[in-house]
Amino acid sequence: MPDVAQHLALSQKLQYDDLDWDLARAHGISATEADCLQYFADIESQTVFYMLEVAKLEVARDPELLAFLTIWNYEEFFHAQALTRFLTEVGVVAPDAAARSHDVRRAAQLRATVEDWVQVTLARALPRTFVALWQCWGAAAELLTTQAYEQIMRTTANPVLRELCRRIARQERRHFAWYLEASRERLAGERFAQRVVRKVFELNWTPVGSGVKSPAQVAAQIARIFPGERIYEVLGTIDRRMGTLPGMAGFDVCGRYADRIQALLPVEARVVRRAGVDYGADADGEVAA
Ligand SMILES: [Fe+2]
Ligand SMILES: [Fe+2]
């Protein structure tokens, strides 16, 4: 398990009370930004349920893992709170974070229950492999989330939203770093786990939020956040980083997801992956953790 001490030292409640809300209101946000932030808040509000799903499993009761999960859940909790505050301040009607968490979960109850059942079954049958899979899944999800906040940070005309996204992205990137290192340790020398993880990704990977949103909703939202070829750069970056893990060389699951969803998108939003372009090569503009 990666050393959790560094994360304990850096962990803190996201600061957002000090943001200039008058300035935020003066600039406002676009309809697309409002839509993206609502979606982010929906996903962030579900972290506690993801944590509960894994924390109740015997195999996850490693003290270092539980320490990280505690910090992670604490930090994610305030992401939903901060987004809700921002949306409210700029005049977007947004449910409070607690109501949002409950409503999103209830709407996705069946999908979440099936997912939970699959997790419990896999965890019982193959506990070590399950934890490796869960951590790899976390790494991909956190890197996608990081890039989503960084995308808004780079493109928004609202300076307060830019700062808020910068602060959240720094925490998301730390989460990614932990999950990636944990995955690396968990997969090292474990050929069976490597094969299972790779196969499950190839058969099932969809972006974070798929558990509580429909495939078409997720596809539309991802394409809206990362328009045009940007979707290939972002998902290519995830493929590259995941491809550094033991047994994952040549990982291209995320890029292939981008290919697959094109058919779900409105015609004007579709994009064709250009042959021979290494999309993930230099797209990962990092925000220091
Ligand atoms: Fe978050
Ligand atoms: Fe995160």
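Helix 8 (residues 127–155) and helix 12 (residues 230–242) cross at roughly 145 degrees, and their axes come within 10 Å; axes here are lines fitted to C-alpha atoms, for helices over the stretch in contact, and angles run from 0 to 180 degrees between N-to-C directions. Helix 8 passes helix 12 in a right-handed crossing, where right-handed means that the near helix is turned clockwise from the far one by less than a right angle, and left-handed that it is turned anticlockwise. On the side of helix 8 the contact is made by Ala139, Ala140, Leu143, Leu144 and Gln147, and on the side of helix 12 by Val234, Thr237, Ile238, Arg241 and Met242, two residues being in contact if their C-beta atoms, placed from the backbone, lie within 7 Å. By class, this contact of helix 8 with helix 12 has seven nonpolar, two polar and one charged residues, with Ala, Val, Leu, Ile, Met, Phe, Trp, Tyr, Cys and Pro counted as nonpolar, Asp, Glu, Lys and Arg as charged, and the others, Gly among them, as polar.

The structure is a predicted model, in which local features need pLDDT of at least 70, side-chain atom pairs count only at pLDDT 80 or more, and totals for chains, interfaces and linings use all residues. Residues are numbered from 1 along each chain as its sequence is written, while chains are lettered from A and ligands numbered from 1 in the order in which they are written. The average pLDDT of the protein is 87, and 89% of the residues score at least 70, pLDDT being the predictor's confidence in each residue, from 0 to 100. Where pLDDT is low, the predicted coordinates should not be read in detail.

The protein has 13 helices and zero strands, both being DSSP runs numbered from the N terminus (helices H or I, at least four residues; strands E, at least two). Of its 289 residues, 42% count as buried, that is, with 20 or more other C-beta atoms within 10 Å of their own, whereas exposed residues have 12 or fewer and partly exposed ones lie in between, with C-beta atoms placed from the backbone. Among contacts with a separation of 6 or more, 79% join residues 24 or more positions apart.

Helix 8 also packs against helix 9 (residues 159–187), with axes that come within 7 Å and cross at roughly 160 degrees. Helix 8 and helix 9 are therefore roughly antiparallel to each other, given that angles under 35 degrees count as roughly parallel, over 145 as roughly antiparallel, 65 to 115 as roughly perpendicular and the rest as oblique. This crossing is left-handed, and the residues of the contact divide into 17 nonpolar, six polar and seven charged.

Ile152, in helix 8, is buried, because 23 other C-beta atoms lie within 10 Å. Leaving aside neighbours within four places in sequence, Ile152 is in contact with Glu33, Cys36, Leu161 and Cys165, and the C-alpha atoms of Ile152 and Ile225, 73 residues apart along the chain, are separated by 7.8 Å. Arg240, in helix 12, counts as buried because it has 20 C-beta neighbours inside 10 Å; from Arg240 to Tyr279, 39 residues apart in sequence, the C-alpha to C-alpha distance is 9.5 Å.
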